[in-house]
Amino acid sequence: MDAKMIDVDGHIMEPADLWQEYIEPEYRDRALHIARDDKGLEYLSIDGHEVELMQGGTLGAFGAIGKDARPYLTPGMISWKEAMVPGGYDPHERVKVMDSEEIDITIVYPTLGICWEHDCQDAKLAAACCRAYNNWVFDFCRPHPDRLVPVSHIPTLDLDEGIKELKRTVKLGAKAVMINSVPPNNLPYGLPHYDRLWAAAQDADIPVSIHPGVGKGCYWARCYPAEYITTWWSFVLTPPDLIMHFTSFINEGTFDKFPKLKLVILESGIGWLVGLVDRMEEKYDVNGFTARMKLRPKEYVTNNCWFSMDPDERLARLSIEVLGADRFLWAYDYPHSDSILNPVRELRENMGPLPEADQRKVFGENAIKLYKLDV
């Protein structure tokens, strides 16, 4: 079958000096950067302090795709620079990787950029760091505009700054905007507090992606002693933060206020979705009158939401069969350690039993329509 393959969540590995090079001079000394502690171990720093959970000399694990991650998770053994794979920081090399993996287009997301926001309580600095990354990622994608599609990082600590950056990057050509699943104020995104941001996104007709973040506010970091957290544990417990935000949009009637808002849930799998939708529907029948929604929960899911699946996710077909294929996408997650090699091959095998029309939608047609891609 000849179908476009659109990876909706591929990562880059930012140069360590990105923020110092791209940020406004008045913020340079406090900008996000990689530093070393008194033992020589790397850590992520912003505003003069360590970013929690980004310490201990293991940042290189973000570049361990297809490799034994244990050396990368051994403190100080492999640095960020040593771990950087060419396809993670060089757009020409990235396109070569995409060619080898049969990927037509990649929607580009950050790596270090998903790790710091909860640790920055200076709204002006946070906005400046987002602007710096956004300017860099547009430069990164510029040599291959038909293959690499930038997503802009929108700060949420100060909504005026967030709206300003959304509007600015839409003018630059952003096809989507990203917000972090670990917001700095810990408020679920469906709450009325954020309504001005959703109004701006709806007016711009641009999808809003919630991407899993790393930080002291995420579910597994709040609920589990830090000394026992493992990489495996953190990957397994990615969904709860996304589920909380996603269901808050429904509970608060956000999509009633903004019926054309497009919400994308990334890197959490979709195996949980059918059970959750079924539970929401059942509880709506029992006591839905207590919620602030005008439609049934499933209607919001099929009208306003999109979900990315892993290429080899075994329960994906069930979700598609129950909820329909129109709202499902797939993502590679290159070059992070939890991603698999040969994603397109795995995806084709996994989706093989589905009707060809449904396969085409998941492979790329849904993404082309959602992101208004020129193909």
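At 17% relative accessibility, Glu 267 counts as buried, where buried means under 20% relative accessible area, exposed over 50% and partly exposed in between, with a 1.4 Å probe and protein chains only. Glu 267 sits in the loop between strand 10 (263-265) and helix 12; here helices (H or I, at least four residues) and strands (E, at least two) are DSSP runs numbered from the N terminus. Glu 267 also has a positive phi of about 50 degrees, although it is not a glycine.

Before we go on, a word about the model. It is a predicted one, in which local features need pLDDT of at least 70 and side-chain atom pairs count only at pLDDT 80 or more, while totals for chains, interfaces and linings use all residues. Residues are numbered from 1 along each chain as its sequence is written, and side-chain values use heavy atoms, leaving out hydrogens and water.

Glu 102 is another residue with a positive phi that is not a glycine, at about 65 degrees. You will find Glu 102 in the loop between helix 4 (91-100) and strand 5 (105-109).

Now let us turn to helix 14. Which of its residues are buried? In this helix, residues 316-323, they are Ala 316, Ser 319, Ile 320 and Leu 323. They lie on the same side of helix 14 because they cover an arc of only 95 degrees around the axis, the arc being that of the directions from the helix axis to the C-beta atoms. In general, an α-helix has 3.6 residues a turn, so residues three or four places apart point the same way. The buried residues of helix 14 pack against several elements, including helix 13 (297-304), strand 11 (305-309) and helix 16 (356-371). Just after helix 14, Gly 324 takes a positive phi of about 90 degrees.

Next, have a look at Ser 181, in the loop between strand 8 (177-180) and helix 7 (195-204). Ser 181 is buried, with a relative accessible area of 3%. Leaving aside neighbours within four places in sequence, Ser 181 is in contact (heavy atoms within 4.5 Å) with Ile 210, His 211, Pro 212, Gly 213, Asp 241, Leu 242 and His 245. Lys 81, in helix 2 (residues 80-83), is exposed, with a relative accessible area of 71%. The C-alpha atoms of Lys 81 and Glu 14 are separated by 9.8 Å, and the two residues are 67 residues apart along the chain.

How many disulfides are there? Counting a pair of cysteine sulfur atoms within 2.5 Å as a disulfide, the answer is 0. The sulfur of Cys 129 is 6.1 Å from the closest cysteine sulfur, in Cys 120, which is too far for a bond. Cys 129 is buried at 1% relative accessibility, and Cys 305 is buried too, at 0%.

Helix 9 (residues 231-236) gives the most to the lining of the second largest pocket, with 3 residues.
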